[in-house]
Amino acid sequence: MAAAAAAAASSMAATAVLIPRVPAAVRTTRCSALPLLPPRVSAAPFSSSVKLIPESRRFHLLQTKATEENAGELFSDLIEKWDKVENKSTVILYGGGALVAVWLSSILVGAINSVPLLPKVMELVGLGYTGWFVYRYLLFKSSRKELATDIDQLKKKIAGME
C-alpha cells in the first residue's frame, strides 16, 4: 500500500508540474503584446477616382470586343498565308525550335536567379549595356539615322531582298 501511495503521489506531482498555476479567468482571455488598432476606414483615397468613371465606360475601356466577322477574317488570312508557304515542314521545325529555345532560356534564367550574387551582377551588366546603347544610337540625331539604316538593312536580309 505504501508503494501505491508513493506512485499516486509521484503522479500527482507530475501533473501538478504540467498544469500551470494560472486562474481560469486569466487562461480564457487573450494576451497580446500589441495594442489594439482602431477599425479601418473603408474608403481608400484612390477609390473615389475609380468610382467617378461610369461602369459602362470602365468595362468598355478594359474589354476588347471580338466579333465573328473579325475572327473569321483573321482565320481566313492565316489559312491563306499558310497555303502560300512552300516548305511547311521547315516552318514547323523552326517554330518548334523557337519554342524549345524559349523553354531552355527560361530554365537558364531560373538557374542564374538561384545563384546568390549573379542576378545583381546581370542587372548591372544590362544597365551598362542599356546606357551604352542609348549613348551610341539614341542620343544624337546622326546616330539615330545610322540605327535606322542598320535596321532597314537587317529587315532586307531577313526578308531575302538583299
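**Fold and surface**

Reading along the sequence, I get the pattern α-α-α-α-α-α-α-α. That is eight helices and zero strands. I keep in mind that this is a predicted model.

Next I checked burial: buried residues account for 3% of the 162 residues in the protein. The accessible surface comes to about 15,200 Å², and carbon and sulfur atoms hold 68% of it.

**A nonpolar patch**

One of about 500 Å² is formed by Val115, Leu117, Leu118, Val121, Met122 and Val125. I picked out Met122, which sits in helix H7 (residues 118-138). Its relative accessible area is 43%, so I noted Met122 as partly exposed.

**Aromatic rings**

How many aromatic pairs are there? I count four. Trp132 and Tyr137 have ring centres 6.1 Å apart and planes at 90°, so I logged the pair as edge-to-face. Phe133 and Tyr137 have centres 5.1 Å apart with planes at 45°, so this pair is tilted. Phe133 and Tyr137 are four residues apart in helix H7, so about one helical turn separates them.

Ring pairs join Tyr129, Trp132, Phe133 and Tyr137 into a cluster.

Is Tyr137 buried or exposed? Tyr137 is buried, because its relative accessible area of 15% falls under the 20% cut-off. Trp132, at 42%, is partly exposed, and Phe133, at 27%, also counts as partly exposed.

My last entry is a charge: Arg136 lies over the face of Tyr137, 4.7 Å from the ring centre.

How values were computed. Residues are numbered from 1 along each chain as its sequence is written. This is a predicted model: local features need pLDDT of at least 70, side-chain atom pairs count only at pLDDT 80 or more; totals for chains, interfaces and linings use all residues. Side-chain values use heavy atoms; hydrogens and water are left out. Helices (H or I, at least four residues) and strands (E, at least two) are DSSP runs, numbered from the N terminus. Buried means under 20% relative accessible area, exposed over 50%, partly exposed in between (1.4 Å probe, protein chains only). Accessible areas come from the Shrake-Rupley method with a 1.4 Å probe; for residues, only the protein chains shown count as cover. Patches are made of residues with over 30% relative accessible area and no salt bridge: like charges are joined within 9 Å, nonpolar side chains (Val, Leu, Ile, Met, Phe, Trp, Tyr) within 5 Å. A salt bridge is a side-chain nitrogen of Lys or Arg within 4 Å of a carboxyl oxygen of Asp or Glu. Rings of Phe, Tyr and Trp (its six-membered ring) pair if their centres lie within 6.5 Å; planes under 30 degrees apart count as stacked, over 60 as edge-to-face and the rest as tilted. A charge sits over a ring if NZ of Lys or CZ of Arg is within 6 Å of the ring centre and within 35 degrees of the ring normal.
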